[in-house]
Amino acid sequence: MTTFLDPLITFVSAHAWLAYLTLFLAAFLEAVPVGGSLVPGSTIILAMGALIPGGELKLWPVLAATAAGALLGDGSAYWIGHRRQREILSAWPLSGYPRLIEQSEAFFHRWGTLAVFFARFVPPFRAFVPLTAGALDMPPVRFYSVNIPAVLLWAPVHVLPGVLAISALHEYGGLPYHHHVGKHIWMLAVIGGALILTLVLWIIRRRRGVIEPAAKSGT
């Protein structure tokens with residue numbers, strides 16, 4: 001893995017604009033229904049935050065690209081739902097995810113306007129609640145009054161941990177910014193944590209899928 005990370009870091013240093021574009025697309029695609037549950041946007045953003053202290057990337061462009069992608073992704077999902085109303089929730093490809101749609105509606109009805117704020121921090125609802133808010137006819141002013149502050153908080157929450165981790169490894173671990181060891185440690189930790197979380201969620205969903213049919217057959 002480290003033999004892959006070194007050329008990647010070198011490439012980012014020489015083509016920073018591609019990294020900013022990648023961050024924008026990662027944040028955008030993560031907000032798209034269905035696609036958001038497949039694209040590891042948060043993992044990409046968390047990992048690439050490690051490239052800021054060493055100067056490969058700049059903090060403000062990273063935050064701007066990440067926030068812009070999230071805002072455009074959430075806004076696109078909201079307006080699709082707002083335009084097509086409830087019919088979009090039963091149309092393809094959402095028809096293949098009835099449980100997630102049902103949970104997103106329940107989440108929205110439970111928290112109301114605040115559901116848009118909370119969902120930005122809770123995968124996989126992040127990829128479904130904006131669409132659901134539009135489909136359930138939430139007014140645009142109310143949606144954006146909650147969504148914009150949520151995104152402006154979400155972006156630094158995902159970017160700054162990498163900055164702080166590499167800065168701490170430099171300050172207290174003796175790993176200079178221009179060496180890649182600290183970046184390797186952080187990136188591998190993020191990727192490993194994401195894989196473990198994905199596996200745990202897969203196991204939980206699989207068990208629920210087995211338990212629910214068994215419960216129905218026993219009734």
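Trainee: Is tyrosine 78 buried or exposed, and what does its relative accessible area tell me?

Mentor: The general idea is that a residue counts as buried when its relative accessible area is under 20%. In this model, which is predicted, tyrosine 78 has a relative accessible area of 0%, so tyrosine 78 is buried. Tryptophan 79, by contrast, comes out at 39% relative accessibility and therefore counts as partly exposed.

Trainee: What kind of aromatic pair do tyrosine 78 and tryptophan 79 form?

Mentor: To read such a pair, look at the angle between the ring planes, since planes over 60 degrees apart count as edge-to-face. Here the planes of tyrosine 78 and tryptophan 79 stand at 75°, with 5.2 Å from centre to centre, and the pair is edge-to-face. These two residues also belong, with Phe143 and Tyr144, to one aromatic cluster, and the count for the structure comes to eight aromatic pairs.

Trainee: Why is the pair of tryptophan 111 and phenylalanine 118 edge-to-face?

Mentor: The reasoning is the one about angles: the planes of tryptophan 111 and phenylalanine 118 lie at 85°, with the ring centres 5.1 Å apart, so this pair is edge-to-face. Tryptophan 111 is partly exposed, with a relative accessible area of 38%, and phenylalanine 118 is partly exposed as well, at 31%.

Trainee: How many salt bridges are there?

Mentor: A salt bridge is read from the distance between a side-chain nitrogen of Lys or Arg and a carboxyl oxygen of Asp or Glu, which has to be within 4 Å. By this rule there are three salt bridges in the model. One of them joins glutamate 30 to arginine 126, whose closest N and O atoms are 3.3 Å apart. Glutamate 30 lies in helix H2 and arginine 126 in the loop between helix H6 and helix H7, so the pair ties together parts that are 96 residues apart in sequence. Glutamate 30 counts as buried at 5% relative accessibility, and arginine 126 is buried with a relative accessible area of 5%.

Trainee: Which residue forms a salt bridge with lysine 183, and where do the two partners lie?

Mentor: The partner is glutamate 56, and the closest N and O atoms of this salt bridge are 2.4 Å apart. Lysine 183 lies in helix H9, whereas glutamate 56 lies in the loop between helix H3 and helix H4, and the pair links distant parts of the chain, 127 residues apart. Lysine 183 is buried, with a relative accessible area of 1%, and glutamate 56 is buried too, with 11%.

Trainee: What does arginine 120 lie over, and at what distance from the ring centre?

Mentor: Arginine 120 lies over the face of tryptophan 154, at 4.5 Å from the ring centre. The side chain of arginine 120 also meets that of aspartate 74 in a salt bridge, at 2.8 Å from N to O. Because aspartate 74 lies in helix H4 and arginine 120 in the loop between H6 and H7, the pair ties together parts that are 46 residues apart in sequence. Aspartate 74 counts as buried at 1% relative accessibility, and arginine 120 counts as buried at 2%.

Trainee: How many helices and strands does the chain have?

Mentor: The chain has nine helices and zero strands. Of its 219 residues, 39% are buried. When you consider contacts with a separation of 6 or more, 76% of them are between residues 24 or more positions apart. Finally, the chain exposes about 11,700 Å², of which carbon and sulfur atoms supply 71%.

Conventions
Residues are numbered from 1 along each chain as its sequence is written. This is a predicted model: local features need pLDDT of at least 70, side-chain atom pairs count only at pLDDT 80 or more; totals for chains, interfaces and linings use all residues. Side-chain values use heavy atoms; hydrogens and water are left out. Helices (H or I, at least four residues) and strands (E, at least two) are DSSP runs, numbered from the N terminus. Buried means under 20% relative accessible area, exposed over 50%, partly exposed in between (1.4 Å probe, protein chains only). Rings of Phe, Tyr and Trp (its six-membered ring) pair if their centres lie within 6.5 Å; planes under 30 degrees apart count as stacked, over 60 as edge-to-face and the rest as tilted. A charge sits over a ring if NZ of Lys or CZ of Arg is within 6 Å of the ring centre and within 35 degrees of the ring normal. Contact means heavy atoms within 4.5 Å. Accessible areas come from the Shrake-Rupley method with a 1.4 Å probe; for residues, only the protein chains shown count as cover.
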